[in-house]
Amino acid sequence: MTTALQANDVDTTAQLSHDISPLSLRSAFGQFPSGVAALAGYTDDGTPQAMVASSFTVGVSLDPPLVSVAVQYTSATWPLLRDAHRIGISILGEGQGTIARQMAAKGTDRFAHLETQTSNDAILVADAALWLETSVYGEFPAGDHLVALLEVHNLADFTNIIEPLVFHKSQFRNIRDH
């Protein structure tokens, strides 16, 4: 199927492509901004664990209150974090791109020099745009990922003073950038 498009006084044509390779999909999906979520909590032995996801979705359900995150099956952190009593989700705020990189890095102390707060073993990052205290509600296979549904137990919304960080075109950006 081919269609003619006109945007900003530029005429072009678009055609559906059979190229749905991982590289093409990553490029196409990267055109859509997403929030950056840090998920963190304490394991049964008291060890803090954290991971970062841009595949986080709010508003999956209002009753019960559910959010979701897609996690690669190759994640070494999710099997440790999923069993936490509570998982803190911090939607990172503007200027927290370095925190996202730190919390996503492998083989380092993801919490080094990081200001956090704890609520019922959920670890929350200071100066985030939104905090959610959650627990695992369910998991479902989804191709090379699993989708984890998380039930929200408590929240704190700081978006009136902190803009959320977004991941767009493989870069961390602030909403005000555009």
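The following legends describe close-up views of a predicted model.

**View 1**
Strand 4 covers residues 37-42. Five of its six residues are buried, so strand 4 is largely enclosed by the rest of the structure. Strand 4 takes part in pairings with strand 5 and with strand 8.

**View 1. The hairpin of strand 4 and strand 5.**
Strand 5, made up of residues 48-53, pairs with strand 4 in the antiparallel sense, and six bridges join the two. Within this pairing, Leu39 has Met51 of strand 5 as its bridge partner. The two strands form a hairpin, with five residues lying between them. In the turn, Gly46 has a positive phi of about 85°.

**View 2. Strand 4 beside strand 8.**
Strand 8 spans residues 87-91 and runs antiparallel to strand 4. Four bridges join strand 4 to strand 8. Here Leu39 stands opposite Ile89 of strand 8, while in strand 5 the bridge partner of Leu39 is Met51.

**View 3. The second largest pocket.**
This pocket has a volume of about 170 Å³. Its lining consists of Val58, Gly59, Ser61, Leu62, Pro65, Leu66, Val67, Leu130, Leu132, Val152 and Leu155. Two or more lining residues come from each of strand 6 (56-62), strand 7 (65-72), strand 11 (130-142) and strand 12 (145-157). Strand 6 gives the most to the lining, with four residues. By class, the lining of the second largest pocket holds nine nonpolar residues, two polar residues and no charged residues.

**View 4. The aromatic pair of Trp131 and Phe158.**
The count of aromatic pairs in the model comes to one. The pair is formed by Trp131 and Phe158 in an edge-to-face arrangement, with 5.0 Å from centre to centre and 85° between the planes. Distant parts of the chain are linked by this pair, as its two residues lie 27 residues apart. Trp131 belongs to strand 11, whereas Phe158 lies in the loop between strand 12 and strand 13 (165-168).

How values were computed: Residues numbered from 1 in each chain as written. Predicted model: local features only at pLDDT ≥ 70, side-chain atom pairs only at ≥ 80, totals over all residues. Heavy atoms only, no water. Buried < 20%, exposed > 50% of the residue type's maximum accessible area, 1.4 Å probe, protein only. Pairing = 2+ DSSP bridges. 1 Å grid on protein atoms, 1.4 Å probe; cavity = no way out; pocket = protein on both sides within 12 Å on 5 of 7 lines; lining within 4 Å. Points joined across faces, edges and corners; volume = space filled by probe spheres on them. Nonpolar A, V, L, I, M, F, W, Y, C, P; charged D, E, K, R; others polar. Phe/Tyr/Trp six-rings, centres within 6.5 Å; stacked < 30°, edge-to-face > 60°.
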